[in-house]
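Please look over the structure shown here before reading the briefing that follows it. The points below are grouped by topic.

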Amino acid sequence: MTIKEIQDEIIDEFSLFDDWMQRYEYIIDLGKSLPLIEEEAKTDENLIKGCQSKVWLQGQQAGDKIVFTADSDAILTKGIIAILIRAFSNQKAADILDADMDFIDAIGLKEHLSPTRANGLVSMIKNIKMYALAFNTKN
């Protein structure tokens with residue numbers, strides 16, 4: 001699937017819920033299915049700066065694609081990074097760099113997060129794009 005197709009699928013899933021309590025529960029459930037980062041990869045180098053809670057993100061090249069793994073010490077944050085990984089893992093670096101982030105506004109995520117969590121979301125996206133930039137430059 002393309003990034004856009006995955007993003008559209010995420011938007012459709014979020015539209016099934018009537019209120020934000022149900023959406024928060026869904027985000028928490030998504031966090032439980034997150035492909036977890038190896039314990040030894042939970043380093044300062046992989047720690048995302050700007051997040052209220054601890055979030056580790058690692059990207060590794062697999063052929064011409066980037067595979068992301070992550071973890072967080074906060075259950076809601078784990079769900080947020082799970083959404084981003086679902087959209088951007090197993091994608092080509094150039095496609096990640098070109099990807100639109102409108103789906104985040106479309107599901108209403110940013111407006112329903114505390115300011116510090118919203119800043120963390122921006123930092124997560126920035127780190128994903130940085131990995132893509134680094135791998136894109138290498139190729």
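Asn 90 is found in the loop between H3 and S3, where helices (H or I, at least four residues) and strands (E, at least two) are DSSP runs numbered from the N terminus. This is a predicted model, in which local features need pLDDT of at least 70 and side-chain atom pairs count only at pLDDT 80 or more, while totals for chains, interfaces and linings use all residues. Residues are numbered from 1 along each chain as its sequence is written, and side-chain values use heavy atoms, with hydrogens and water left out.

- The phi of Asn 90 is near 65 degrees, which is a positive value in a residue other than glycine.
- Most residues other than glycine have a negative phi.
- Asn 90 has a relative accessible area of 45% and is therefore partly exposed, given that buried means under 20% relative accessible area, exposed over 50%, and partly exposed in between (1.4 Å probe, protein chains only).
- Helix H3, which Asn 90 follows, covers residues 75–88 and reaches 20 Å from its first C-alpha to its last, close to the 20 Å expected at 1.5 Å a residue; the expected span of a helix is 1.5 Å times one less than its number of residues.
- Because 11 of the 14 residues of H3 are buried, this helix is largely enclosed by the rest of the structure; among the buried residues are Leu 76, Ile 80, Ile 83 and Phe 88.

**The sheet**

- Three strands form an open sheet in the order S1-S2-S3 with antiparallel pairing, and two strands pair if DSSP finds at least two bridges between them.
- Strand S1 (55–62) and strand S3 (91–92) stand at the edges and have a single partner strand each, so one side of each is left without a neighbour in the sheet.
- S1 pairs with strand S2 (residues 65–72) in the antiparallel sense over eight bridges; Trp 56 stands opposite Asp 71 in S2, and Gln 61 stands opposite Ile 66 in S2.
- The hairpin formed by S1 and S2 has two residues between the strands, and Gly 63 in the turn has a positive phi of about 70 degrees.
- S2 and S3 pair in the antiparallel sense over two bridges, and Lys 65 has Lys 92 in S3 as its bridge partner.
- Six of the eight residues of S2 are buried, so S2 is largely enclosed by the rest of the structure.

**Gln 58 in strand S1**

- Gln 58 lies in strand S1 and counts as buried because its relative accessibility is 18%.
- Leaving aside neighbours within four places in sequence, Gln 58 is in contact (heavy atoms within 4.5 Å) with residues including Ile 37, Asn 46, Phe 68 and Tyr 131.

**Helix packing**

- Helix H6 (residues 115–138) lies across S1 and S2 and runs at about 25 degrees to S1; axes are lines fitted to C-alpha atoms, for helices over the stretch in contact, and angles run from 0 to 180 degrees between N-to-C directions.
- Helix H1 (residues 3–15) and helix H2 (residues 20–32) pack at an angle of about 135 degrees with their axes 10 Å apart.
- H1 and H2 are therefore oblique to each other, since angles under 35 degrees count as roughly parallel, over 145 as roughly antiparallel, 65 to 115 as roughly perpendicular and the rest as oblique.
- The contact is made by Glu 13, Phe 14 and Ser 15 of H1 together with Arg 23, Tyr 26 and Ile 27 of H2.
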